Amino acid sequence: MPVAKGMTQIDDEMTAAIEYSATTPVREAQRMRGEFLTRWRKRSSQLSPRGAGPCHVDLLDEMLRDLGIRGADALLHHLRTGCPMSGVVGYEEIYSPGPPGEPEITEEELLRRQPDVLARSTQAIRAESPANKEAIWSSVRKELEAGFVVELRNPPANAVYLRRFMVRQVKSDEPVPRVKERACDDGRMALINKAVRMATPVKLDTADVYAEVARRVAHRATTRDPGAAFKSMGLDHKEAYRQLRARNDRLCRCVVAEDPSTGRVRFFRMERLSFGEAAAVVHYNAFAKVLARVVRRGLKLPLCQYYDDFASPCPAGDDTALTDVLELLQGILHTSFNEDKTSEGHSFRHLGLVFTNRKRRRGGGDLGPQEGGPGAHVEGRAGPRFLVTG
């Protein structure tokens, strides 16, 4: 998948948010955010959401225009009508264009090979262990209850059959690393990942980007006030890909799973994006990046985004920054976050690393976070990764 990593370039929009966060008194910043939220909370109550989109799309549309954020027309269209999984997919106004080209296979070729895909998918499903069959079926039932899938008695002629399987991920971004089971759909076996070309590489705010943002905030703030102190805050999008609607008119995503109680293979149309389809990467990250831009312009916080993880430094005395971000993105725009994974403080875990705000002593060495210093000391399992100070 075309994902650009390790890029520490900070654009003008982020620079402006850094400047505001680092130099504006906390009470003034809180007042500004409060006025912004009050205005859009009122507008949200006046504008009823249409359809079952991933968020209040019409309100987001108005907000983008008001904030001067351009180039999201294609994204807004897909949020309303569903995101395609084939063809040439990209967001040139959100990400820089990649090299030209076409998908490896056409939609026609994909559908011509449909019977073979179904046969191989069914064979693979039958070969799963009893435990995996139960886990797969449980994931389907949960998504059925949530409205993410709809059962089909007779799959349509344009069905793309996705074999569901379980993967086990080590979650290193939590205080105690654990193994998490996740249901994925086999986009390679279904051939849909050959029927799409992503025209725009996705640019993510990696750990080095966040460290650079924290360094700049600390440097700018301590230039004005040597005693300035900062903390970090983070948010985690809930069921990220499932927040975006799937488009099923040209090609219909059909998950194939076996009911362990009967041994019968059953079919389910995906109403949301699927973990396993390549196009979901660019669709979701374009959406998440636009949300981060709304926070940077509307709330003037230097929010970074890496897939479904969002993080920002903010003044240590600002006790409403995190709740203001949640109010905007969840309360007003109606996107969903894992509130048990939101966090803030001098010591902060993000992307599997621990960021600890510290201040350099004049003669060398670091002051601890209890001494209220700026900067970001970033540690991983193998020890320090970054040390940025004011």
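Okay, hi everyone. Before we start, this is a predicted model, where local features need pLDDT of at least 70 and side-chain atom pairs count only at pLDDT 80 or more, while totals for chains, interfaces and linings use all residues. Residues are numbered from 1 along each chain as its sequence is written, and side-chain values use heavy atoms, with hydrogens and water left out.

So, the overall picture. The chain has 10 helices and 19 strands; these are DSSP runs numbered from the N terminus, H or I of at least four residues for helices and E of at least two for strands. There are 390 residues, and 54% of them count as buried. Buried is under 20% relative accessible area, exposed is over 50%, and partly exposed is in between, with a 1.4 Å probe and protein chains only. Now take contacts, meaning heavy atoms within 4.5 Å. Among those between residues at least 6 apart in sequence, 74% join residues at least 24 apart.

Let's look at two helices. How do α3 and α4 cross? The axes of α3, residues 57-67, and α4, residues 73-81, come within 10 Å and cross at roughly 170 degrees. The axes are lines fitted to C-alpha atoms over the stretch in contact, and angles run from 0 to 180 degrees between N-to-C directions. α3 and α4 are therefore roughly antiparallel; the cut-offs are under 35 degrees for roughly parallel, over 145 for roughly antiparallel, 65 to 115 for roughly perpendicular, and oblique for the rest.

On the α3 side you'll find Val57, Asp58, Leu60, Asp61 and Leu64, meeting Leu76, Leu79 and Arg80 of α4. That contact has 5 nonpolar residues, no polar ones and 3 charged. Here Ala, Val, Leu, Ile, Met, Phe, Trp, Tyr, Cys and Pro are nonpolar, Asp, Glu, Lys and Arg are charged, and the others, Gly among them, are polar. Zoom in on Asp61 in α3: at 17% relative accessibility it counts as buried. Leaving aside residues up to four places away in sequence, Asp61 touches Leu76 and Arg80.

Next, Arg297, over in helix α9, residues 279-299. Arg297 and Leu64 are 233 residues apart in sequence, yet 9.6 Å apart in space, C-alpha to C-alpha. Not counting residues up to four places away in sequence, Arg297 touches Glu13, Leu67, Gly68 and Ile69.

On to the rings. Rings of Phe, Tyr and Trp (its six-membered ring) pair if their centres lie within 6.5 Å; planes under 30 degrees apart are stacked, over 60 edge-to-face, and the rest tilted. That rule gives 10 aromatic pairs. Tyr306 and Tyr307 have ring centres 5.4 Å apart and planes at 65 degrees, so that pair is edge-to-face. Tyr306 and Tyr307 are both buried. For Phe348 and Phe355, the centres are 6.3 Å apart and the planes at 55 degrees, so that pair is tilted.

Last thing: charges over rings. The rule is NZ of Lys or CZ of Arg within 6 Å of the ring centre and within 35 degrees of the ring normal. The charged end of Arg182 sits over the ring of Phe275, 4.5 Å from its centre. Lys300 has its charged end over the ring of Tyr20, 5.7 Å from the centre.

That's it from me, thanks!
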